[in-house]
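I opened this notebook to record what I looked up in the structure shown below. The entries follow in the order of my reading.

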Amino acid sequence: MATCFLRRSFWAARPALPPPGRLHPEPAGAQRRRSYAGGPAGLHTDLLRGDSFVGGRWLPAPAAFPVYDPASGTKLGTVADCGVPEARAAVRAAYDAFGSWKGVSVKERSSLLRKWYDLMIQNKDDLAKIITAESGKPLKEAQGEILYSALFLEWFSEEARRIYGDIIYTSAKDKRGLVLKQPVGVAAIITPWNFPSAMITRKVGAALAAGCTVVVKPAEDTPYSALALAQLASQAGIPPGVYNVIPCSRAKAKEVGEVLCTDPLVSKISFTGSTATGKILLHHAANSVKRVSMELGGLAPFIVFDSANVDQAVAGAMASKFRNAGQTCVCANRFLVQRGIHDSFVAKFAEAMKKSLRVGNGFEEGTTQGPLINEKAVEKVEKHVNDAVAKGATVVTGGKRHQSGGNFFEPTLLSNVTRDMLCITEETFGPLAPVIKFDKEEEAVAIANAAEVGLAGYFYSQDPAQIWRVAEQLEVGMVGVNEGLISSVECPFGGVKQSGLGREGSKYGIDEYLEVKYVCYGGL
């Protein structure tokens, strides 16, 4: 039944794809692609690939691993399970390609990234369906992600032409200081499952614009999006070896990650994922002192002050908390509501949740919340709810696994929450909204900052002085003031404390892939 539904949803009214436009012939046997159970038997579509993509070629691995639809448990297909040899080969391909790619003019790099963007837009519907199939997020959200993802390629196609240096007049009359910006080299890109397309283009767009080459290791739950992007990159004319993808299973992720972080041919590591994994990768990268940028875990506070517009705060809370079923690094994790407005906010928040949220398969029309990514994720939400209730929290709505079973969990709102509960001290990564009542501004700021991480924070207030105070005092990398959705390609994304290093997107994102070289020009 689930397979039939996936077939109907994924392939219904599918527009014809443009011709591949491959610049380089595939090796013999490349057409024996790994299966994708969601499509009609025998269908070979250009965007659904199961092999690794290295040096401009589709290459199988000795083993394969299965990928499942989190909504139904249906096996979508099998993907090449790359290990250490395949990872080293991909790094070598990227290193060999770097020698020529760094010399390509910024205008040409810009043009190629723009072509890649254009192809993403042309294929946006199919790319979105791939995301929904492998991650479970509602199709409307997946369509939004594809647009967001493509915009990073457009943005960095423009930023490629804005890599500027400096001329410095020194204290010596016969000398000038020149500042050059040059690409760092091969970048290893390790991405998560919750935004399987956007987390790639946000990193890869900047890297390629700077003149770097990349090896992408996508999350084992969502490899098809990364491979679809490889197909479009090839069609766009991105040269062989510039963009490489090596999917691998969870069993091999540790060894592949270690290779990418320790190989001497890799100069840069960019990782999005948990803080715990980030620390391991940092340790590996430290031995060869590689450039590192990381976007790690969050525990975002969402503060509602007495002066706030309650309706606006509820709308912001809905957008921030329940996008992708609460599985985003910047989603609100802790709701802090001032006593004078607390009861009104909780009542309206509960009403909005019951009225607006519909749990179901991401392909079903009207679905606003899909499944969690796997059983482990469901267990964590369940653990946080049970811990809170055992310590005195009240379930306002939800609180248990959804009647659909599987990886579905009810959107949950808790009140009477205290600071010692797991849902306040740990990132839930699920559809759980715990609310703490507070009295004074200083108390809210102290609770918000009492965390080892600091990615995003939100607050609602109509008091201008308070807005300035709190925005400056929150120990996070990004602040939403009277706004629940803050991500934008034009703005820097990143955190402080243990939420990571560096920034992505914006004009600052490309600097993560550039070295600054000082040249002293004497004898003038």
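Where is the place of Phe-429? I found Phe-429 in the loop between helix 13 (422-425) and strand 16 (432-438); helices (H or I, at least four residues) and strands (E, at least two) are DSSP runs, numbered from the N terminus. Phe-429 is not a glycine, yet its phi is positive, near 60°.

I noted the basis of the entries: this is a predicted model, in which local features need pLDDT of at least 70 and side-chain atom pairs count only at pLDDT 80 or more, while totals for chains, interfaces and linings use all residues. Residues are numbered from 1 along each chain as its sequence is written, and side-chain values use heavy atoms, without hydrogens and water.

I then turned to Ser-506, which lies in the loop between strand 21 (500-501) and strand 22 (514-521). Its phi is also positive, about 65°, although Ser-506 is not a glycine.

Of its 524 residues, 58% count as buried. The C-alpha atoms fill a box of roughly 75 × 70 × 40 Å along the principal axes.

Last, I checked the confidence: pLDDT (the predictor's confidence in each residue, from 0 to 100) averages 92, and 92% of the residues score at least 70. Over residues 1-44, however, the pLDDT is below 50. Where pLDDT is low, the predicted coordinates should not be read in detail.

Conventions: Buried means under 20% relative accessible area, exposed over 50%, partly exposed in between (1.4 Å probe, protein chains only). Contact means heavy atoms within 4.5 Å.
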